[in-house]
Amino acid sequence: MKVSEILKKNEVTISCEIFPPKQGAQLQNYKAIAAEIAKLKPAYISCTYGATGGTSDYTVEIADAINSYGVPAIAHLTCVSSTREKVHTVIHELKERGIENILALRGDIPTNTDFPLPDQYHHAIELIREIKEAGDFCIGGACYPEGHPEAANMNEDLDHLKEKVDAGCEYLTTQMFFDNNIYYRFLYKALAKGIDVPVTAGIMPVTNAAQVKRTISLTGNLVPAKFLSIVDRFGDNPAAMKQAGIAYATEQIIDLIANGVNHIHIYSMNKPDVAAAIMNNLSQIYVREQA
Ligand SMILES: NC(=O)C1=CN([C@@H]2O[C@H](COP(=O)(O)OP(=O)(O)OC[C@H]3O[C@@H](n4cnc5c(N)ncnc54)[C@H](O)[C@@H]3O)[C@@H](O)[C@H]2O)C=CC1
Ligand SMILES: Nc1nc(=O)c2c([nH]1)NC[C@@H]1CN(c3ccc(C(=O)N[C@@H](CCC(=O)O)C(=O)O)cc3)CN21
C-alpha cells in the first residue's frame, strides 16, 4: 500500500524506522527485529539505506520482509555516495519486489571522499525526478524543522523543500526534534511557502546517554534544557535513562496529537522493546484493529 494513501485518511498514524544489518551481520536477526516491530501494527515501517554503518545492500531485503509481515514498507534510498547505475539497479529491484514506497534522500556526505564527484548526484531532487520517471512509486522526502545544517538559512532550505514537493514528493518526514514548538513553527513556515503535503513528525526516543552525542552529530540540533537535565540525572543509570527517554518521547507524541498532528514517525531504530513501550503508553490514543 502507498504511504500517500495511508496519510490521506483523517486519523492518527504512528510509524517506525529500522536500519539494515551491517556487512557480515545475520540478516535473519534483523528480519526478526522487523517482525517484532510489525507485531505492534505501526502504520508503516521504513528502513534506512546505509545509515549508521548498516549496509545499503540489505535495505531491499528488509523492506520486502516488512511487507511480508503485513505492514507497508518504505525503503530509504540515498544518492550522494552512489553512481547513477547503482541507483537505477536498486530502483529496478524495488519495482521487481513490489515495494511501492521510497524515501528519496541525498544522504550524508561521506567524510573520506571528495564531494561533489563529477557526474554524480548533488541533491535529493535529482533522485526524486529519476524515481518519478522510473515507475509508479510513492515518493517521500526529508525536511528539517531547525533548518538543514548545510543550508545558508531556513528560507533557502524551504525553497529547496518546495522544489522537492513540486518534483513529486507526496509527503515529508522531519528530522528528529525535541521541542514540539520547533515543529509547529516549521509547519507555518512551510505552509507559507505553499508546501501542503503531509509532514510526519519524527520523534527519536533517546534511551541511552551515548545516543545524545550521536543525535547532535546527525542533526546539528541543540537539545532543550529539559532534555539535558534528564541525561544529566539518569545518563549513567541505563534502566532509568531508558524509562525517562520513553516517557519524554511519549509526552512529545501526546502533545502533538492533542494539537491536531496526526502523523508521527518514531525513530525506533531496531529497538522493538522501546517501540512497544511507547505504543503501550499510547494504547488508548492510537487504537488499531485487532487481528
Ligand atoms: N540514510 C538515511 O536513511 C537517511 C539520511 N538522512 C539525511 O538527510 C540529509 C540530507 O538529505 P536530503 O534532505 O534528502 O537532502 P537535500 O538534497 O534535500 O538537502 C540537502 C541540503 O542541500 C540543500 N539543497 C537541496 N536542494 C538544493 C538545490 N537544488 N540547490 C542547492 N541546494 C540545495 C538543502 O537546503 C540542504 O541544505 C543527509 O544528511 C541524509 O543522510 C535523513 C534520513 C534518513
Ligand atoms: N543526518 C542524518 N542521517 C541519517 O542517516 C538520519 C538522520 N539524519 N535523521 C533521520 C534518520 C535517523 N537515523 C538514525 C537515528 C538514530 C541512530 C542511532 O541511534 N544509532 C545508534 C545505534 C546503531 C547501531 O546499533 O548500529 C548509534 O549509536 O549510532 C541511527 C540513525 C538515520 N537517519
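Modeller: Helices (H or I, at least four residues) and strands (E, at least two) are DSSP runs, numbered from the N terminus. By that count the protein has 11 helices and eight strands. The model is a predicted one, in which local features need pLDDT of at least 70, side-chain atom pairs count only at pLDDT 80 or more, and totals for chains, interfaces and linings use all residues. Residues are numbered from 1 along each chain as its sequence is written, while chains are lettered from A and ligands numbered from 1 in the order in which they are written.

Biologist: What share of the residues of the protein count as buried?

Modeller: A residue is buried if 20 or more other C-beta atoms, placed from the backbone, lie within 10 Å of its own; it is exposed if 12 or fewer do, and partly exposed in between. Of the 291 residues, 44% count as buried. In strand S4 (residues 101-105), five of the five residues are buried. Strand S3 (73-78) has six of six buried, so S3 is largely enclosed by the rest of the structure.

Biologist: Which way do the residues of S3 point?

Modeller: In a regular strand the side chains alternate between the two faces of the sheet. From S3, Ala73, Ala75 and Leu77 point one way, and Ile74, His76 and Thr78 the other. In S4, Asn101, Leu103 and Leu105 share one direction, with Ile102 and Ala104 on the other.

Biologist: In which sense do S3 and S4 pair?

Modeller: Two strands pair if DSSP finds at least two bridges between them. S3 and S4 are joined by five bridges in the parallel sense; Ile74 is opposite Asn101, and His76 is opposite Leu103. Strand S2 (residues 45-47) also pairs with S3 in parallel, over three bridges, and Ile45 has Ala73 as its bridge partner. S4 is parallel to strand S5 (residues 138-143) too, again over three bridges, with Leu103 opposite Gly140.

Biologist: Which residues come nearest to ligand 1?

Modeller: A residue is near a molecule if its C-beta atom, placed from the backbone, lies within 6 Å of it. There are 21 residues around ligand 1, and Thr48, Arg106, Ala124, His148 and Ala151 come nearest. Two or more residues each come from S3, helix H5 (124-134) and helix H6 (154-167). H6 gives the largest share, four residues. For classes, Ala, Val, Leu, Ile, Met, Phe, Trp, Tyr, Cys and Pro count as nonpolar, Asp, Glu, Lys and Arg as charged, and the others, Gly among them, as polar. The shell then holds seven nonpolar, eight polar and six charged residues.

Biologist: What is the phi of Met269?

Modeller: Most residues other than glycine have a negative phi. Met269 has a positive value, near 40 degrees, and Asn270 one of about 60 degrees. Met269 is buried, with 20 other C-beta atoms within 10 Å; Asn270 is buried with 21.
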